[in-house]
Amino acid sequence: MATPRIVRRPGVELGSAWPDAIPPLLRRIYAARGAHSPELARPRLSGLLPPDALHGLDAATALLHEAIRADRHILVVGDFDCDGATACATGVRGLRMLGARRVSHAVPNRMVHGYGLSPALVAELAALQPDLLLTVDHGIACHAGIEAARARGWQVVVTDHHLPGPRLPAADAIVNPNLPGDAFPSKALAGVGVVFYLLLALRRRMREAGAFAAGEPDLTRLLDLVAVGTVADLVPLDANNRALVAAGLRRLRMGQGCAGLRALVQACGRDASRLTASDIGFAIGPRLNAAGRLEDMALGIECLLTDDPQRAMELAGILEQINAERRAVQQDMTDAAEAALSRARLEEGEAPLAPCLFDPEWHPGVVGLVASKIKERLHRPVLAFAPAEPGATTLRGSARSIPGFHIRDALAAVDSAHPGLIERFGGHAMAAGLTLALDRLPAFEQAWLAHARAVLDDTLLQAELLSDGELLPQEFDRFHAEALRDGGPWGQGFPEPLFDGHFEVLDWRPVGERHLRLGLRHPSRREPLAAIHFGGWRGNPPASYLHLAYRLQPDDYRGGAAVQLVVEHAAPA
């Protein structure tokens, strides 16, 4: 377990333009994240970046407009994660809102087709006789699949946000803010965000062509889907993404989300009126992702597309069951990974610098979660591999990284130094995926560790928790807890407020097998404070005085004015 160092954010100048409705604590937190004005702290849709600078929009919207006008069959091809599912649902719903009458969708099955638009998937899609394929949240690396589709006479429009390789696919149009030279100011759009922007630009083209004599469709109705996909994909919440997510959360809180998302909120036991980005990340997103990991994301997309509340609840129940199975599979795989790392420590004296894990019994849909768990515990880049299917000689791998070590660039460096070693790869700075032949795994691990040794240093390997400092004694109350909860959306690049301080332990008790409930006293406050440390019970009593990194939250279970501290890290004071 990596021991993090608590580092306090530096003080910043607040300025004087803040309205009284935003308490000083929240102003300080916003400013520490670079938001020095209310407009930057709480961006609105009115300040959304216009689509104009996105390269490829003219070609893409021209193709789609002509397909709608000529009543051609548009097939939206999704991906098997939450971003891909919400992007697919956004594309289908949005095109129908804009007048497309022949819109259908498809999604690869992880175990059958692998990632993205593959030749095998194209062969299956031929029975649907599409005229135009719209890929969402993938396509930038799908050279062979796009060539196969165009060989059949289909037009292909790619929408993606993943980093491109040295060569772009031969699509009819590509919309991706991360293309070289693309002038769109935000590179942080998720796949669902790119699709939403494409729909905005398509609506404008159709408006200019006089297509909406009977009234223009309101695309903001899609923002619930945009919010869920954006948060679940862990893209940075820059001002543009925060405007999109905040608007989508408002729709969900008011009960205006699509039937499937309303059903998922209910299935995971959340209060829709108080829904936060954290609820999306830890409850809604995993339930959608579970379908793509263990079963077929077609279930998740159907849940997002149905307008029948009863059918939505049925599908949400199925997704709940799949997610429970996913948790069990993940725990078994994580236990096996930790056992392998313990053996490595005994043999080598320490954990591997950048663990490369494989087990022939692992499930390829869950290796990303295992890599993420081990990365969190070791604070080191981690790769985890599983057979593409039982007994297969092709491996699917997922990589997760730490700040300062760009995981996709690292894979590109290995690929450049050892051509042909990796079959395919793609991703972002913090997460990536790759395909590898089983017999090449030892050579890959050797090349991977050599690159890690050349790049990683002790500074990068020191885990840090960035703290917003200490709370004042009078700030441990419901008013400030609710202000912090509702002051988001918080997420990647705009992290949820975290505080630190010293406390006396008044009482404690284990909760379940792994958690610890604490009664605390702050040195400048008479009233005791309740705290919960998830994963904090390790069989030994806590010290009498602790230095804690924690979040302040309303305690809705106790109700009234109750608050609790959610402990992220504890060390003897």
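Here is a short briefing on the folds, cores and loop details of this structure. The model is predicted, so please read each point below as a computed feature of that prediction. Five strands close into a barrel, and the largest nonpolar core has 113 residues.

**The barrel and its helix**

- The barrel strands follow the order β13-β14-β15-β17-β16, and their pairing is mixed.
- Neighbouring strands of this sheet are turned by 50° against each other on average, with direction ignored.
- Strands β15 (residues 529–533) and β17 (residues 563–572) run parallel and are joined by three bridges.
- Ile532 has Val566 of β17 standing opposite.
- Helix α19 (residues 478–486) packs on the sheet, where α19 touches β13 (499–511), β16 (545–554) and β17.
- The direction of α19 makes about 75° with that of β16.

**A helix pair worth a look**

- Helices α12 (residues 277–294) and α14 (residues 309–348) pack with their axes 8 Å apart, at an angle of about 70°.
- That angle makes α12 roughly perpendicular to α14, because values from 65 to 115 degrees fall in that class.
- From α12, the residues that meet α14 are Pro286, Arg287, Leu288, Ala290, Ala291, Arg293 and Leu294.
- Their partners in α14 are Leu319, Glu320, Ile322, Asn323, Glu325, Arg326 and Arg327.
- Sorted by class, the contact of α12 with α14 has seven nonpolar, six charged and one polar residue.

**Nonpolar cores**

- In soluble globular proteins, nonpolar side chains tend to be buried together.
- Within the largest nonpolar core, the residues with the most contacts are Tyr30, Leu95, Leu261, Ile284, Leu520 and Leu565.
- Helix α8 (residues 191–208) supplies the largest share of this core, with eleven residues.
- Which residues does Ile284 contact, leaving aside its neighbours within four places in sequence? They are Val228, Leu261, Leu264, Val265, Cys268, Leu275 and Asp279.
- Another core, of 26 residues, lies apart from the largest one; Leu395, Leu421, Leu434 and Leu461 are among its members.

- Asp131 is found in the loop between α6 (119–125) and β4 (132–136).
- With 30% relative accessibility, Asp131 counts as partly exposed.
- Not counting residues up to four places away in sequence, Asp131 touches Arg72, His73, Arg102, Trp154 and Gln155.
- Gly368 is 237 residues from Asp131 in sequence, and the two are 35 Å apart in space, C-alpha to C-alpha.

How values were computed
Residues numbered from 1 in each chain as written. Predicted model: local features only at pLDDT ≥ 70, side-chain atom pairs only at ≥ 80, totals over all residues. Heavy atoms only, no water. Pairing = 2+ DSSP bridges. Helix = DSSP H or I, 4+ residues; strand = E, 2+ residues; numbered from the N terminus. Axes fitted to C-alpha atoms, helices over the stretch in contact; angles between N-to-C directions. Contact = heavy atoms within 4.5 Å. Parallel < 35°, antiparallel > 145°, perpendicular 65-115°, else oblique. Nonpolar A, V, L, I, M, F, W, Y, C, P; charged D, E, K, R; others polar. Core = buried A, V, L, I, M, F, W, Y, C linked by side-chain atoms within 4.5 Å. Buried < 20%, exposed > 50% of the residue type's maximum accessible area, 1.4 Å probe, protein only.
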